[in-house]
Structure formats: structure tokens, C-alpha cells
Amino acid sequence: MPIAELIAAQNLFYIVDPYDIDETLGQLVRALPLPAELDRQALLNALLDREEVMSTAIGNGIAIPHVRRFGSESLQQDIVVVAYLFAPVDWKAPDGLPVHTLFLVLAKDEASHLELLAEIAHVASDERFVEFLKTMPERDALVERIHAFEESSAAKS
């Protein structure tokens with residue numbers, strides 16, 4: 001499923017007081033509407049462990065927190081959640097820029113996981129899209145912009 005449709009299926013989140021990576025991910029995981037069988041603490045621990053191994057910041061103020069396994073074998077569908085940070089957070093990005101937008105990815109299988117990461121990284125490589133994200137657009141506007149980007153990219157291929 002295209003990322004625009006996955007984002008359309010979720011609420012956007014606004015992290016008002018992001019202090020650091022741990023606090024920001026903690027706030028987001030506590031707020032997520034997850035299936036009851038998923039363990040929030042296991043998810044948070046897995047996300048934080050992943051950040052310890054290597055930052056999920058991809059540059060341009062964007063991070064894609066993700067984990068492949070955290071007891072998520074029962075996940076029936078992919079989840080992509082967008083969270084805007086009211087204050088940028090140092091996410092140890094390769095370009096040194098603090099993060100203002102998160103795309104949290106929880107995938108039902110490894111193929112979907114890799115595909116979602118690639119799609120988000122592709123969209124996030126567009127400077128105009130990154131500037132658009134800084135305005136904290138509402139969900140419908142964000143989904144529309146991603147759809148337009150995907151259609152434009154498909155037409156070029």
C-alpha cells in the first residue's frame with residue numbers, strides 16, 4: 001500500500017515538548033492507537049535500541065524510526081504515523097540538522113518494511129516537500145502532496 005494511504009489511515013501527532021530522542025519516542029508510542037496485542041513498552045524499547053545502533057535520521061530534518069521485530073508478528077497491516085515536533089531535536093542526523101518530522105514505520109513483514117523506508121526516503125529527498133513538512137500540514141494536505149509526488153515520480157519512470 002502506498003505511504004499516502006497508510007498516512008491517511010492514521011492521525012497526525014504533534015509532540016509539543018520534545019526534549020530528546022527518548023522522550024519524543026516515548027510520547028509518540030504512548031499516544032499511538034496500537035492493536036491491543038502489541039506491547040507498547042516492547043515497541044519503545046526496540047525503537048530506542050535501534051536508535052542506539054544507528055540513528056534513523058535521514059537528513060533534512062526527517063527521521064524514520066522503525067524496527068523490524070518487537071513482538072509484532074501479529075501485526076496485520078503496515079502502519080505509518082507522522083509526528084511533527086514543535087521544537088527540533090538532535091537525532092544524530094548524518095547532515096547534523098535537528099529533526100522536525102518523524103515518519104514512524106511498523107511493517108507487517110520485511111518486504112513491506114524495506115519498501116516503506118525506501119518510499120519515505122524518496123519523498124523526503126525532495127527539498128520542496130521538506131519545506132512543506134516544516135509548515136506542519138494537516139493530514140489531508142500531506143496526503144494530497146504525497147500522492148502528487150508519487151504520481152509525478154511514476155510518470156518520470
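Colleague: Which residues touch the most other members in the largest nonpolar core?

Modeller: Leu 28, Leu 32, Leu 43, Trp 91 and Leu 102 do, out of 30 residues in that core. A nonpolar core here is a set of buried Ala, Val, Leu, Ile, Met, Phe, Trp, Tyr and Cys residues joined through side-chain atoms within 4.5 Å. Buried means under 20% relative accessible area, exposed means over 50%, and partly exposed is in between (1.4 Å probe, protein chains only). This is a predicted model: local features need pLDDT of at least 70, side-chain atom pairs count only at pLDDT 80 or more, and totals for chains, interfaces and linings use all residues. Residues are numbered from 1 along each chain as its sequence is written, and side-chain values use heavy atoms, leaving out hydrogens and water.

Colleague: Which elements each supply at least two residues of this core?

Modeller: S1, helix H2 (21-31), helix H3 (40-53), S4 and S5. Helices (H or I, at least four residues) and strands (E, at least two) are DSSP runs, numbered from the N terminus.

Colleague: And what is Leu 28 in contact with?

Modeller: Leaving aside neighbours within four places in sequence, Leu 28 contacts Phe 13, Ile 15, Val 81, Ala 83, Leu 102 and Leu 104. Contact means heavy atoms within 4.5 Å.

Colleague: New topic: in what order do the strands sit in the sheet?

Modeller: The order is S1-S4-S5-S3-S2, in an open sheet with mixed pairing. S1 and strand S2 (57-59) are the edge strands, each pairing on one side only. Two strands pair if DSSP finds at least two bridges between them.

Colleague: Are S3 and S5 parallel or antiparallel?

Modeller: Strand S3 (residues 62-63) and strand S5 (residues 99-106) pair in the parallel sense, over 2 bridges. Ala 63 stands opposite Leu 102 in S5.

Colleague: How many aromatic pairs are there?

Modeller: The whole structure has 3. Rings of Phe, Tyr and Trp (its six-membered ring) pair if their centres lie within 6.5 Å; planes under 30 degrees apart count as stacked, over 60 as edge-to-face and the rest as tilted. Tyr 14 and Tyr 84 make a tilted pair, 5.5 Å centre to centre with 45° between the planes. That pair links Tyr 14 in strand S1 (residues 13-15) to Tyr 84 in strand S4 (residues 79-89), 70 residues apart.

Colleague: Is Tyr 84 buried or exposed?

Modeller: Tyr 84 is buried, at 0% relative accessibility, while Tyr 14 is partly exposed at 37%. Tyr 14, Tyr 84 and Phe 86 form one aromatic cluster.
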